[in-house]
Each structure stands twice: as structure tokens, then as C-alpha cells.
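My notes follow in the order in which I took them.

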Protein chains: 2
Amino acid sequence: MRQIIEERIGSHSHHMQAETPAAHQRVAPHVTLLHEGDPARRIMEVVEGTVMLTKLLPDGRRQVVELLGPGDMFGFANGETYVCSAESLTSCVLVGHDRAALERDAALASRVLRRFEIQLCAMHSHALVLGRMSALERVAFFLMRLMPEGMVSGSTLHLAMTRQEIADFLGLTLETVSRAFSELKRRGIVALARADEVRIQDRGSVRRLAGAA
Amino acid sequence: MRQIIEERIGSHSHHMQAETPAAHQRVAPHVTLLHEGDPARRIMEVVEGTVMLTKLLPDGRRQVVELLGPGDMFGFANGETYVCSAESLTSCVLVGHDRAALERDAALASRVLRRFEIQLCAMHSHALVLGRMSALERVAFFLMRLMPEGMVSGSTLHLAMTRQEIADFLGLTLETVSRAFSELKRRGIVALARADEVRIQDRGSVRRLAGAA
DNA sequence: CGACCTATTGAAAGCTATCAACTGGGGTGG
DNA sequence: CCACCCCAGTTGATAGCTTTCAATAGGTCG
């Protein structure tokens with residue numbers, strides 16, 4: 001069983017004046033950060049690294065509902081408890097924000113609001129992907145999501161996720177994801193140095209398949 | 001072509017002090033409220049009625065990404081433009097909030113923030129539905145979403161959506177949605193007085209199929 | 001070097017999409 | 001007021017894509 005590695009590296013938050021100052025913490029990869037159903041006390045912010053949010057069905061089917069990077073927030077609640085579990089994919093630096101602090105700190109509230117809007121937009125795109133795209137298109141969308149803005153054809157991406165995790169994100173099975181990668185390879189759109197090292201040979205084709213969503 | 005019917009019924013917003021006061025407006029059913037790609041000026045709030053947000057793929061495939069009721073917000077932007085189109089399903093009352101007002105009005109910002117969190121949670125559930133549920137489960141989920149809290153078996157729901165709209169919401173085709181309704185009817189879980197009048201005979205089965213998501 | 005886990009590939013089954021015909025209800029025009 | 005038309009919905013048959021089950025390959029770590 002993995003444990004949460006928590007290491008205080010000081011607070012850089014200047015708008016906090018409360019009894020629970022924001023503390024940065026570093027966590028190792030593949031650590032469960034919080035559980036669906038646990039009491040929702042704080043809103044967490046990703047400072048560095050990648051976090052995935054997951055939901056489970058009673059019979060064990062899993063969906064990765066969101067992938068989070070620097071600036072993104074998690075720890076949402078509908079009522080009293082978290083609606084998703086969260087797990088670090090890479091080594092991460094996180095900050096927790098007390099829910100009460102949102103009422104006091106207008107600058108923080110504004111920043112969180114802006115970020116919620118961005119994440120809501122990302123979820124809208126994801127709904128389109130899950131509801132209407134083929135397996136090949138979904139994997140292309142996944143790759144495009146990982147490509148930095150100014151990326152050119154020929155660059156290499158590192159995947160921090162297994163085929164199973166990618167499948168759970170895209171609403172597919174791990175075999176189908178693997179077949180999609182093979183198909184992209186066969187078409188000369190990507191090259192795989194290793195399973196988690198993807199060289200983008202034809203950025204345009206990836207964009208086109210992803211529907212520029 | 002349908003047009004937006006706009007009827008001022010006065011402002012009930014007391015925290016506004018800006019150059020663009022919040023104005024309530026009533027719109028007819030099946031009216032396009034805003035278009036994906038248009039410049040994003042205001043955030044809209046549903047006061048009464050139901051609104052659907054949709055996204056399109058270049059080839060015409062459509063996804064209804066969100067269904068909104070009273071209190072819900074829309075008009076999100078990632079950059080300068082709306083990421084979704086919005087259309088009224090029923091007759092609606094709406095209020096527009098100037099984006100600049102969010103900076104000035106802390107009470108409004110707090111309310112919007114809270115609502116964004118609720119909608120984000122709803123999107124997480126929807127991702128689970130779209131990514132991991134069967135057709136029958138999706139339709140059950142859809143019905144559960146429409147059932148009021150204190151609803152008992154035997155009550156009747158009115159659907160404000162066509163089979164095509166439900167299909168676009170659930171990531172299915174209209175035929176599959178129709179077959180799912182027939183299957184629920186065959187199992188005695190629902191009864192259909194008309195295509196848009198659903199009597200819930202067995203609330204428990206609906207909940208179970210929907211995975212209590 | 002071997003064990004184990006992840007990924008790939010193959011074959012067959014299953015579910016949903018697609019194509020097509022038919023039904024029914026509502027509205028319109030005669 | 002009735003008949004017809006039109007559109008939404010239902011149902012059937014077939015095709016296609018993804019899943020499932022299974023076997024093989026590759027890589028990493030002890």
C-alpha cells in the first residue's frame with residue numbers, strides 16, 4: 001500500500017490570513033490524494049505535476065473524469081463529501097485552500113472562479129469526446145491535449161499514464177487504446193520509441209483526427 | 001428561423017451597481033441563446049426553465065454537454081469566445097451578469113463559484129455515464145436526473161426533449177434511446193402514456209440501473 | 001538470468017449504429 | 001369537421017466497431 005508523502009516546503013500565499021495557512025506539500029507519483037465519499041474540507045490546487053480524478057461504478061468500472069496540471073483545482077463536493085477520488089500521476093506539488101478562505105480572500109476566490117470556468121470548458125470538450133468520437137479520434141484527442149502550444153512535428157511526448165489509465169480516461173479498453181496507437185503508428189502519424197514515449201510525426205493529422213476540439 | 005424573444009421584466013439584483021444592470025428576460029422554447037464561437041461577454045443564469053448546451057464536430061456530430069435548470073450558469077469561455085451553443089428547451093427566464101461585475105460584487109462571485117462547483121460535479125457524473133455506461137443505464141440515468149428528490153413510484157415525468165436530443169445528451173442514437181425506453185417499458189419499470197410522458201413505475205430499478213451515480 | 005507486469009496482437013462475441021419500413025399523433029387545409 | 005400530410009417515434013434487419021477472451025512479446029527489476 002502506498003502512503004501519502006507530505007513534506008512542507010513553505011507557503012508562498014500572501015493573501016491568506018487565516019488559522020490554516022496554505023501549505024505546499026510534495027507528493028510522490030501514484031499516491032491517492034483523496035477518496036470519493038470522504039468529507040470535503042479543502043480545495044486543492046495543483047502547483048506542479050499531474051493529477052487524475054476518478055469515479056467508480058458499484059461494479060468496479062472506472063472513469064478518469066479529469067486530468068489536472070499546474071493551476072487546476074480539485075476536491076469538489078456536491079454536498080458534504082468529495083465526488084471524485086484523486087491520484088497523483090507524477091511527483092506533484094500541491095496547495096490546499098480552506099473553503100472558508102474563499103469567503104474572506106477575494107483575490108483567491110477570483111482565481112478559483114476563473115480556473116473552475118477553464119475546467120468546466122475542458123469537461124465540455126471531454127463530453128464531446130466521450131459521447132461522439134471513435135477510438136482513433138479519442139486517442140488523437142488525448143495526444144493533442146498533451147502537446148504544448150508551440151510544439152512542432154518531430155517532438156517527443158512522455159506519457160505518465162498506462163494504457164489502462166488512458167483507456168479509463170477515454171472511455172475505452174486498454175486493448176483498444178493499444179490498437180489505436182498501433183494504427184497511428186501504421187499511418188506514420190506517430191512513432192513509439194517505448195510504450196510511453198510518443199514521437200509526433202504529423203501534428204496536423206493529430207489535430208485533424210481530434211476534430212480540433 | 002427562430003428569433004430571440006426578449007422581454008424585460010425588471011431587475012431583482014440588488015448587489016449590482018454597474019453600467020449594465022442585470023435584466024431578466026423571458027425566452028420562448030427552442031430558441032438559440034448563444035453560439036459556440038461568439039465573443040463571450042456575459043455569464044448567463046437560468047432563473048426558470050431548462051437550457052441545453054451543445055457542441056458540434058466539424059462533420060456535424062453533436063453532443064449535448066449539459067442540461068441546465070434554475071440557478072445554473074452558462075456562457076463559459078476559455079479565451080475570448082463561447083465554447084458551447086445554448087438553446088432553451090422550455091420557456092425560460094434568464095439573467096445576464098456582466099463579467100466585470102464578478103470582480104466588484106463579492107456576493108455574486110461567491111454564488112457563481114458555488115454553482116460552478118455544482119456544475120463541475122454534474123459534468124464528472126456525466127463523464128462516467130458517457131464513458132462507462134450501457135445504453136439502458138444511460139437512459140435510466142437520464143430519467144433519474146429528471147426525478148425530483150421526494151418523488152415516489154407512480155409519478156409522471158414530462159420530457160421536454162425529443163429522442164434525438166436525449167440521444168445527443170447520452171452519446172447514443174435516437175433509435176437506441178427509443179429501444180431503451182421500450183425495454184424499460186417491457187420490464188415494467190416505466191410506462192409511456194405518450195412519448196414525452198413517462199410514468200415511473202419502479203423508482204428503485206431506475207436508481208439501480210443508473211448506478212446511483 | 002528469470003519472474004512479473006505492461007503492452008501488443010489475434011479471434012470471436014456483443015452492443016450500438018445504420019439503413020429502412022411502418023406507425024401514430026397533431027396540425028393544417030379543404 | 002374531417003381528411004390528409006408531416007414529423008417524431010417505434011421496430012426490424014444488418015453492418016461495424018469495440019469489447020472480451022486469449023496468447024505472445026517486451027522491459028524492468030530483483
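**Entry 1: the protein interface**

I counted polar contacts across the interface of chain B and chain A first, and the rule gives 20 residue pairs, with both residues of a pair at pLDDT 80 or more. I keep in mind that this is a predicted model.

I then asked which elements of chain B give two or more residues to the side that touches chain A. They are β4 (51-56), β5 (62-68), α1 (99-104), α2 (106-132) and α4 (163-170) of chain B. The largest contribution to that side comes from α2(B), which gives 19 residues. By class, I sorted the residues of the side of chain B that touches chain A into 24 nonpolar, 11 polar and 11 charged.

For salt bridges across the interface of chain B and chain A, the rule returns 6. I looked up one of the pairs, Arg99(A) with Glu117(B), where the closest N and O atoms are 2.6 Å apart.

Next I took the extent of the contact: chain B puts in 46 residues and chain A 45 residues. The area buried between chain B and chain A is about 3800 Å², and carbon and sulfur atoms carry 63% of it. On the side of chain B, the residues that lose the most area to chain A are Leu113(B), His124(B) and Arg132(B), which together make up 20% of what that side buries.

**Entry 2: DNA strand D**

I listed the residues around DNA strand D and got 18, the closest being Ala135(A), Thr176(A), Arg163(B), Ser178(B) and Ser182(B). Of the atoms of DNA strand D that come within 4 Å of the protein, 58% belong to sugar and phosphate.

The class count for the surface near DNA strand D is 5 nonpolar, 7 polar and 6 charged residues.

I then went through individual atom pairs. At the phosphate, a backbone N or O atom of Ala135(A) is 2.7 Å from an oxygen of DNA strand D. At the bases, a polar side-chain atom of Glu175(A) is 3.2 Å from a nitrogen of DNA strand D. The side chain of Arg179(A) also has an N or O atom at 2.8 Å from a base oxygen of DNA strand D.

**Entry 3: DNA strand C**

I repeated the search for DNA strand C. It is surrounded by 17 residues, and the closest are Arg163(A), Ser178(A), Ser182(A), Ala135(B) and Thr176(B). Here sugar and phosphate account for 59% of the DNA atoms that come within 4 Å of the protein.

The surface near DNA strand C takes at least two residues from α5 of chain A and at least two from α5 of chain B. α5(A) gives the most, with 5 residues. I sorted the surface near DNA strand C into 5 nonpolar, 7 polar and 5 charged residues.

What does the side chain of Thr176(B) lie 2.5 Å from? I traced an N or O atom of that side chain to a phosphate oxygen of DNA strand C.

I looked up Ser85(A), which is in strand β7 (residues 85-88) of chain A. Is Ser85(A) buried or exposed? The relative accessible area of Ser85(A) is 14%, so I class the residue as buried, the cut-off being under 20%. Its side chain reaches the backbone nitrogen of Glu36(A) at 2.9 Å. Beyond neighbours within four places in sequence, Ser85(A) is in contact with Leu34(A), His35(A), Glu36(A), Met52(A), Leu53(A) and Thr54(A).

I ended with Glu183(A), which is in helix α5 of chain A. The side chains of Glu183(A) and Arg187(A) are joined by a polar contact of 2.8 Å. I also checked Glu183(A) against Leu136(A): they are 47 residues apart in sequence, with a C-alpha to C-alpha distance of 7.9 Å.

Key. Residues numbered from 1 in each chain as written. Chains lettered and ligands numbered in written order. Predicted model: local features only at pLDDT ≥ 70, side-chain atom pairs only at ≥ 80, totals over all residues. Heavy atoms only, no water. Contact = heavy atoms within 4.5 Å. Buried area = accessible area lost by both parts, 1.4 Å probe. Salt bridge = Lys/Arg side-chain N within 4 Å of Asp/Glu carboxyl O. Polar contact = N/O pair within 3.5 Å; in protein donor to acceptor, adjacent residues only side chain to side chain. Helix = DSSP H or I, 4+ residues; strand = E, 2+ residues; numbered from the N terminus. Nonpolar A, V, L, I, M, F, W, Y, C, P; charged D, E, K, R; others polar. Near = heavy atom within 4 Å. Buried < 20%, exposed > 50% of the residue type's maximum accessible area, 1.4 Å probe, protein only.
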